[in-house]
Amino acid sequence: MKRNAMDESPSSSGSDQSPKKKISSSADAAASATCLNADVLEEIFINVPLQEVLCVCRLVCCQWKEVVDSGSMWRERCRREGYPICNVSETQDWKLFYFLSKKRRNLLKNPNGKEELNGWNILKNGGDKWVASEIRKPHADETIRTNFATSYEMCTKSQLIDLKKEGYSPSLMDHVQPDIKISDWYLAHVDCQSMYNIWVQLLNQKKQPVEIFSREGIYCRGGREKWDQITHVFHKYGPGVRYIRFTHGGKDLKWWKGHYGIHITGSCVEILP
């Protein structure tokens, strides 16, 4: 028996039953975003992990992007995370201030000799050589318990800091030129005069100097044991800085065997917000 061709065709009623389109979750999010004012969004974003704020929330819609990029949100985030803002100009780029504050740390490795001489490049190792030991005189920073000591011939050591590896991009260093602060603590032995030297160089990609700070032949008298600090801030040093070379050292001036030369601790290099 021959089947009717009409039997093979789908029913007309079936063609009218198409599934309804579902609204995507991203569209839902974008639609609901317009229901929240900027103050509410700002409060939400301050309590959301940083990575999600930048990589997710900022991409939802124009309103969310505007809130994420607003100075008020980053200023409030700085305040809540304890970054000092009381003396900062209101014209400050608060987003940049936040990220520089968050990155701020000592870029020198093993600054106090807690790990012996690890992390340092020994340039001169005269007399009885460099040694790391417990401090003789308590330091103002009670967490510092160790120091480096020099001998009766010149002892110098250095570190080279690669700014890009530490998270400071060439664009940031060229266009923003954040201040670079260096500091060091030194102590003379109570019975022996000694000498202290420091050199800090800002270097370009070819490791040639862009700017230099140095203090050579600082004479330290015996008779008192007091930690002295030396500090310097590099400001508006120009484009091209890619590395920082920190070098310091010294010796005793009486040629006594042992480690009666200058003692050093608390060495520090920071990028300031």
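This is a predicted model: local features need pLDDT of at least 70, side-chain atom pairs count only at pLDDT 80 or more; totals for chains, interfaces and linings use all residues.
To look at one pairing in detail, follow strand E6, residues 194–203, and strand E9, residues 243–252, which run antiparallel and are joined by ten bridges. Within this pairing, Ile-198 stands opposite His-248 in E9.

The aromatic rings come next, and here the model has a count of twelve aromatic pairs. One of them is formed by Trp-130 and Phe-148, whose ring centres are 6.2 Å apart and whose planes lie at 85° to each other, an arrangement that is edge-to-face. What does this pair tie together? Trp-130 lies in the loop between E1 and strand E2 (131–134), while Phe-148 lies in strand E3 (residues 146–149), so the pair ties together parts that are 18 residues apart in sequence. Trp-130 has a relative accessibility of 6% and therefore counts as buried, and Phe-148, at 0% relative accessibility, counts as buried too.

A second example is the pair of Tyr-152 and Trp-255, which is tilted, with 6.1 Å from centre to centre and 40° between the planes. Because Tyr-152 lies in the loop between E3 and strand E4 (155–162) and Trp-255 in the loop between E9 and strand E10 (263–271), this pair ties together parts that are 103 residues apart in sequence. Are these two residues buried or exposed? With a relative accessibility of 21%, Tyr-152 counts as partly exposed, since buried means under 20%, whereas Trp-255, at 53%, counts as exposed.

Aromatic residues can also be followed as a group, for Trp-74, Tyr-83, Tyr-98 and Phe-99 form one aromatic cluster.

Finally, there are charged side chains to consider alongside the rings. In another place, Lys-207 lies over the face of Tyr-243, and the distance to the ring centre is 5.1 Å.

Terms used: Residues are numbered from 1 along each chain as its sequence is written. Side-chain values use heavy atoms; hydrogens and water are left out. Two strands pair if DSSP finds at least two bridges between them. Helices (H or I, at least four residues) and strands (E, at least two) are DSSP runs, numbered from the N terminus. Rings of Phe, Tyr and Trp (its six-membered ring) pair if their centres lie within 6.5 Å; planes under 30 degrees apart count as stacked, over 60 as edge-to-face and the rest as tilted. Buried means under 20% relative accessible area, exposed over 50%, partly exposed in between (1.4 Å probe, protein chains only). A charge sits over a ring if NZ of Lys or CZ of Arg is within 6 Å of the ring centre and within 35 degrees of the ring normal.
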